[in-house]
There are 2 protein chains.
Amino acid sequence: MAGMTADISPGEAERLDAEDELAAFRERFVPISDPGVVAYLDGNSLGRPLRATADRLQELVAHEWGGRLIRSWEERWLTLPEEIGDELGRVALGAAPGQTIVADSTSVCLYKTLRSAVALRPGRDELVTDTANFPTDRFLVESVAAELGLTVRWIEGDADVAAVTGPRTAAVVLSHVDYRTAAITDLAAVTRLVHERGGLVVWDLCHSVGSIPVELDAAEADFAVGCTYKFLNAGPGAPAFLYVNARHHEAFGQPITGWMGAADTFGMAAQYVPAPGIRRALSGTPPVLGMVGVQEGVALLAEAGIDRVRAKAVALGRWVLALADAWLVPLGFTVASPRDDDRRGGHVTLRHPDAERLSRVLIENGVLIDFRRPDGIRIGLSPLTTGFAEVRRAMDRIRELAG
Amino acid sequence: MAGMTADISPGEAERLDAEDELAAFRERFVPISDPGVVAYLDGNSLGRPLRATADRLQELVAHEWGGRLIRSWEERWLTLPEEIGDELGRVALGAAPGQTIVADSTSVCLYKTLRSAVALRPGRDELVTDTANFPTDRFLVESVAAELGLTVRWIEGDADVAAVTGPRTAAVVLSHVDYRTAAITDLAAVTRLVHERGGLVVWDLCHSVGSIPVELDAAEADFAVGCTYKFLNAGPGAPAFLYVNARHHEAFGQPITGWMGAADTFGMAAQYVPAPGIRRALSGTPPVLGMVGVQEGVALLAEAGIDRVRAKAVALGRWVLALADAWLVPLGFTVASPRDDDRRGGHVTLRHPDAERLSRVLIENGVLIDFRRPDGIRIGLSPLTTGFAEVRRAMDRIRELAG
């Protein structure tokens, strides 16, 4: 495959789909019940449901919840946060067991990890984040800074990390993949740099987990959080995850000291004693229904393999770029995502001055993309469900409707 | 019905079941699929699943998530936290619309409300809670106090509130119904007393919501939180709820400033501007699957009516006491719950020196009660599912197995 001179014929789409090793995984998902959907290119906002998740939910209601009743907590549910976390760590995060846990929402996990990170660096009074970071991340950095009397140092791009970090840096909060442009930040390099200055890093993996391989342990990462409802297909508002590197476990504490993070949850102890290891990151009762989707999403990813997923994401990205160059750039679109495969995550963002209206029209016509202010149209590429012909069909409709 | 001389014959159980206005509601629940269950008396830990919840989950996966896909956020899901919250407020909390929201876990909601309460009382440096409060509540009071440099004043029973509250009291955290004894605290009286001293109260309604009528607005309550997986039957780890009285909304802020609590969630604004009203209590993406159970649980309660639920809970409680007096007190059990109907919530706790072993034996024999350290056996009474003959059967088994 090449850039500008690529073959974008229907036959090429057919060939790519025929050669796609992951094509069969599409059958593992609940078919899209709305016949009006031409293409679903928003799996990076909400991944599609797995058949296994639908089945497991029925089974869970009928037998675990409806049959074993309260006994299911001891029999199955209580350990799900770390069991699923371990498997997620193994399959998608490059994390050895005992460091990843499924809980809460990304926002709550981010709050917990950021507070913890600051507590591990007493005397340091600066937080660093990017002006282009996702709103929740920016908002939380600002409010944690305000509550603890810290200063926020804003950067514009990870190249600035070197300039602003130093002996005052407590923690840096960055996204691994930019939610707007899909640009990948070099997680290992940034982590190393911040560590050299004595600071810690909290990584937001929302737009990378399940889409590109993450190697947290190898990078000696400190903390990471992310959501499971995008490339992991876990369902709307499914619980998030949180990673704390084992070397921080002993000193690691978090402010929301609920009973599920205590050493002896049912001991009803007089004092809060944190559970050993990652379990102390828990607070309230684990959201069992939501965790079913995470478990099934991670299991499917394990079957597919993150490397094959990544390879297909790259191929899909190239395919979008080839189609965009041939059809859309001449109509006034520009490509906001990196063209370098190694720097581009699991979506491609196109810019257009009329993107907001155009997005509405596209969605009305069954091409489900995502609009991101001010002028971005995100083409989400979910390797387990997205096909090459599907993408071509969508790009063709965009050409037609924007023409 | 009377105490010691009550008729506890099988015919009386039959009569009570026949006269039970709520008996038909039992058919609205998924039948217990485990034939070994003799009686389910732990609905105050985990309520049973509604058929409607099972159906809605299937429908949601197939059509909302699997068909409308990402569009469901705008079409249905985004406003669920306040829609369900409003209905819960109306049906169970005595709360006018716009003050209740479904989100997170009880622990996280408690953290948010407690931090908010303290922020509303600057200069006051004491928190008050009960040594018998639920662990999460005690742990969070202690850790919030530690992080903000406050002192915890411990009480033993709500009669102590008058003695320890004063000009230094920022907030009092109490449970409306004691998780061990089912003793009801006078919510209105305690709220009034604390207000007279200039403090605020955060009520934990976990063991009262859906079981006894709560009148938050009438009591001029400040904050309340609670879970939905007990008497509301919303499912294991279903999201919690949080109430903030409208008079605090303008000044109310909470520390976990995620995008869902921002005024314009998808505006991707540079600064966090809190949403007007209760929505600012949100942080992360709402847990949609878990909210289905809350919605259905609240809808069923609306049909049944909280007053009828309460009346049946009282009758069930009396029934347990009559059976206990006749059969179990002679065997060395004591009654830990108030005998006064007006002071007793939705469960009855019996004490026995050998309660831990006995609880294991009971559960093995299909009598699903709850053991609470050190020596409590909780008999949970869920008026929408628990029957009088079922209770008699269970008490008979307890007599047999403890004899």
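A: Happy to, and please keep in mind that this is a predicted model.

In chain A, seven strands form an open sheet in the order 2-8-7-6-5-3-4, and the pairing is mixed. Strand 2 (100-103) and strand 4 (151-155) of chain A are the edge strands; each has a single partner strand, so one side of each is left without a neighbour in the sheet. On average, and ignoring direction, neighbouring strands of this sheet are turned by 20 degrees against each other.

Next come the helices. Helix 5 (residues 106-119) of chain A lies across strand 2, strand 5, strand 6 (200-204), strand 7 (223-226) and strand 8 (240-244) of chain A. Relative to strand 7 of chain A, helix 5 runs at about 170 degrees. Helix 6 (residues 135-148) of chain A also packs on the sheet, where it touches strand 3, strand 4, strand 5 and strand 6 of chain A. The direction of helix 6 makes about 165 degrees with that of strand 3 of chain A.

For the chain B residue, the partners can be named: leaving out residues up to four places away in sequence, B:Ala171 touches B:Leu114, B:Ala117, B:Val118, B:Arg121, B:Leu127, B:Gly199, B:Leu200, B:Val201 and B:Val202.

A:His195 has 16 C-beta neighbours inside 10 Å, so it counts as partly exposed. Its C-alpha atom is separated by 17 Å from that of A:Thr113, 82 residues apart along the chain.

The domain assignment of chain A gives domain 1 (10-49 + 306-402) and domain 2 (78-303). The centres of these two domains, taken over C-alpha atoms, are separated by 29 Å. Their contact takes 28 residues from domain 1 and 22 residues from domain 2 of chain A. On the domain 1 side, helix 10 of chain A gives the most, with five residues. That side divides into 10 nonpolar, 11 polar and seven charged residues.

Terms used: Residues numbered from 1 in each chain as written. Chains lettered and ligands numbered in written order. Predicted model: local features only at pLDDT ≥ 70, side-chain atom pairs only at ≥ 80, totals over all residues. Contact = placed C-beta atoms within 7 Å. Pairing = 2+ DSSP bridges. Helix = DSSP H or I, 4+ residues; strand = E, 2+ residues; numbered from the N terminus. Axes fitted to C-alpha atoms, helices over the stretch in contact; angles between N-to-C directions. Buried ≥ 20, exposed ≤ 12 C-beta atoms within 10 Å, placed from the backbone. Domains from an automatic or database assignment. Nonpolar A, V, L, I, M, F, W, Y, C, P; charged D, E, K, R; others polar.
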